Amino acid sequence: MGLPLVDIYTDGSCSPNPGRGGWAAILCFKETEKEVWGSEASSTNNRMELMAAIQGLASLSRGCAVNLYTDSTYVKNGITQWIHNWEKNNWKTAARKDVKNADLWQDLKKSMSKHEVRWHWVKAHAGHVLNERADALARAAQEQRA
């Protein structure tokens with residue numbers, strides 16, 4: 001039998017950017033849903049988007065097949081395309097500058113290691129119910145930090 005299939009919907013929020021940040025992930029397994037969220041006093045939107053994916057994956061207690069949904073092209077493209085060259089270039093961009101958020105990219109790759117993750121981009125604020133809920137949770141987490 002294959003790995004259990006889990007869908008994870010993630011979002012991050014930061015206002016102002018940079019400023020207070022919040023992240024959220026909704027994990028869906030069969031008929032069960034679990035929400036996780038958190039905040040940071042000083043962050044950026046991109047860091048919160050990354051944290052949502054990291055913490056969503058970290059919430060899984062065993063290896064799973066994961067469909068991870070994000071409205072961040074930065075996260076999806078970074079982990080599926082750009083990270084390979086960053087690693088080869090010792091965490092430098094093609095322009096030889098330090099990769100922003102390298103610590104979180106490394107954490108994200110590590111959090112993926114025991115899972116089979118398929119990445120999906122969803123358009124933000126387009127009525128996708130679970131993406132909208134992840135957005136609301138991330139904003140609420142951010143506001144609780146006030």
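1. In this predicted model, D103 and R47 form a salt bridge through their side chains, with an N to O distance of 3.0 Å. The two residues are 56 apart in the chain: D103 belongs to helix α3 and R47 to helix α1. D103 has a relative accessible area of 40%; because exposed requires over 50% and buried under 20%, D103 is classed as partly exposed.

2. Six salt bridges are present in the structure. One of them pairs E35 with R133, whose closest N and O atoms are 3.0 Å apart. This pair also connects distant parts of the chain, E35 being in strand β3 and R133 in helix α4 (residues 129-144), with a separation of 98 residues. Both ends are partly exposed: E35 has a relative accessible area of 33%, and R133 has 28%.

3. A further salt bridge joins the side chains of K92 and D98, at 2.4 Å from N to O. K92 is partly exposed at 28% relative accessibility, whereas D98 is exposed at 55%.

4. The largest nonpolar core contains 31 residues, and I8, L57, W105, L108 and W119 have the most contacts inside it. At least two residues come from each of β1 (5-14), β2 (19-29), α1 (45-58), β4 (65-70), α2 (73-88), α3 (102-112) and β5 (116-121). The largest contribution is that of α1, with seven residues. In soluble globular proteins, nonpolar side chains tend to be buried together.

5. What is W119 in contact with, leaving aside neighbours within four places in sequence? The partners are A53, L68, T70, V75, K76, I79, T80, L108 and M112.

6. Two cis peptide bonds deserve a look in the viewer. One runs from S15 to P16, with omega near -5 degrees; the other joins N17 and P18, with omega about 0 degrees. P16 is in the loop between β1 and β2, and P18 is also placed in the loop between β1 and β2.

7. Positive phi values are the last item. K30, a residue other than glycine, has phi near 50 degrees and sits in the loop between β2 and β3 (32-43). K30 is exposed, at 71% relative accessibility. R96, likewise not a glycine, has phi near 65 degrees and is located in the loop between α2 and α3. R96 has a relative accessible area of 53%, so R96 is exposed.

Definitions and conventions:
Residues are numbered from 1 along each chain as its sequence is written. This is a predicted model: local features need pLDDT of at least 70, side-chain atom pairs count only at pLDDT 80 or more; totals for chains, interfaces and linings use all residues. Side-chain values use heavy atoms; hydrogens and water are left out. A nonpolar core is a set of buried Ala, Val, Leu, Ile, Met, Phe, Trp, Tyr and Cys residues joined through side-chain atoms within 4.5 Å. Buried means under 20% relative accessible area, exposed over 50%, partly exposed in between (1.4 Å probe, protein chains only). Helices (H or I, at least four residues) and strands (E, at least two) are DSSP runs, numbered from the N terminus. Contact means heavy atoms within 4.5 Å. A salt bridge is a side-chain nitrogen of Lys or Arg within 4 Å of a carboxyl oxygen of Asp or Glu.
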